[in-house]
Amino acid sequence: MTALAAAADIDTASSLTVIVNKTRPFDPVDYAAPDLRPVKVAYANPPTMRSEAATAVEKMFAAFTAETGLAMQSQSAYRSYTVQKSVYAGWVASRGQASADQTSARAGFSEHQTGLAIDISAKPATCTLAQCFADTPQGEWLAANSWKYGFVLRFPDGMTSVTGYEFEPWHYRYIGVALAADYHASGATTLEQYFGLPPAPDYLK
Ligand SMILES: [Zn+2]
């Protein structure tokens, strides 16, 4: 583990480096993120995030457009415990619980509840919340450059046995610029690996 990773607070819900997965729910489970504000970018649904992460998203989207002449938008950012509860219930109703658990987090276990995670899509929309987003200019640019703005691809391809989720090329998590650069340099492919945590393929009960 790197010195920066070892020094990070991954347990406190309000820490910028809190790690939430299927074995690490929020404490308290209905934690509400502080300092939320609207993210001033194009969106499918109006996004809010914690202030530092919102600023980073604004910079990252602007850099993408400056470099490529193309655009991206926010699909979904902060989701409260209560909102996540209804999102998850919707997946269970349409696909059943086992399938829902591969795609949507149970309330109290979603990274979106941190106020530090964002689902990003192309604008105009193509491959929204689909694995083919990885092959769009937006998806490719994010995979290569998001670390410079403090973000990591949270659910990479082939790492379901560690993260508990299928490949989500649209879901990015803010951990701060210094740590994201360290993560990128370390060669780690999941935050679990980077922070020396055990795999979290499934809920404990
Ligand atoms: Zn997401």
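Is C127 buried, partly exposed or exposed? With a relative accessibility of 23%, C127 counts as partly exposed, where buried means under 20% relative accessible area, exposed means over 50%, and partly exposed lies in between, with a 1.4 Å probe and protein chains only. The structure is a predicted model, in which local features need pLDDT of at least 70 and side-chain atom pairs count only at pLDDT 80 or more, while totals for chains, interfaces and linings use all residues. Residues are numbered from 1 along each chain as its sequence is written, and side-chain values use heavy atoms, with hydrogens and water left out.

**The disulfide**

C127 forms a disulfide with C132, the two sulfur atoms lying 2.0 Å apart; a disulfide is here a pair of cysteine sulfur atoms within 2.5 Å, and by this rule the count comes to one. The torsion about the S-S bond of C127 and C132 is about -115°, so the disulfide is left-handed. C132, at 36% relative accessibility, also counts as partly exposed.

**The zinc site**

The zinc ion is coordinated by H112 through NE2, D119 through OD and H171 through ND1, at 2.0 to 2.1 Å. Donors are N, O and S atoms within 2.8 Å of the metal (3.2 Å for Na, K and Ca), and since water is not among the atoms, sites may look incomplete. Along the sequence, the donor residues follow the spacing H-x6-D-x51-H. H112 is buried at 3% relative accessibility, and D119 is buried as well, at 6%.

**Strands around β4**

Helices (H or I, at least four residues) and strands (E, at least two) are DSSP runs numbered from the N terminus, and two strands pair if DSSP finds at least two bridges between them. Strand β4 covers residues 117–123, and six of its seven residues are buried, so β4 is largely enclosed by the rest of the structure. Strand β3 (residues 71–76) pairs with β4 in the antiparallel sense over five bridges; M72 has A122 of β4 as its bridge partner, and S74 stands opposite I120 of β4. β3 is itself mostly covered, with five of its six residues buried. β4 also pairs with strand β6 (residues 171–174), again in the antiparallel sense, over three bridges, and here I118 stands opposite Y172 of β6.

**Nonpolar cores**

A nonpolar core is a set of buried Ala, Val, Leu, Ile, Met, Phe, Trp, Tyr and Cys residues joined through side-chain atoms within 4.5 Å. The largest has 25 residues, of which I118, I120 and F151 touch the most other members. At least two residues of this core come from each of α2 (51–68), β4, α5 (137–145) and β6, and α2 gives the most, with eight residues. Contact means heavy atoms within 4.5 Å; leaving aside neighbours within four places in sequence, F151 is in contact with residues including A53, V57, M60, I118, Y172 and A180. A second, separate core of 13 residues includes I175, L179, Y183 and F195.

**Backbone features**

Most residues other than glycine have a negative phi, and most peptide bonds are trans. The table lists four departures from this pattern.

| Site | Feature | Value |
|---|---|---|
| D27 to P28 | cis peptide bond | omega near 0° |
| K123 to P124 | cis peptide bond | omega about 5° |
| D35 | positive phi | about 40° |
| L129 | positive phi | near 55° |

P28 is found in the loop between α1 (3–7) and β1 (36–38), and D35 is found in the loop between α1 and β1 too, where D35 is partly exposed at 42% relative accessibility.

A185, found in helix α7 (residues 177–186), is exposed with a relative accessible area of 66%. T190, by contrast, is buried at 1% relative accessibility and is found in the loop between α7 and α8 (191–194). Not counting residues up to four places away in sequence, T190 touches P156, M159, V162, T163 and Y183. The C-alpha atoms of T190 and R154, 36 residues apart along the chain, are separated by 6.6 Å.
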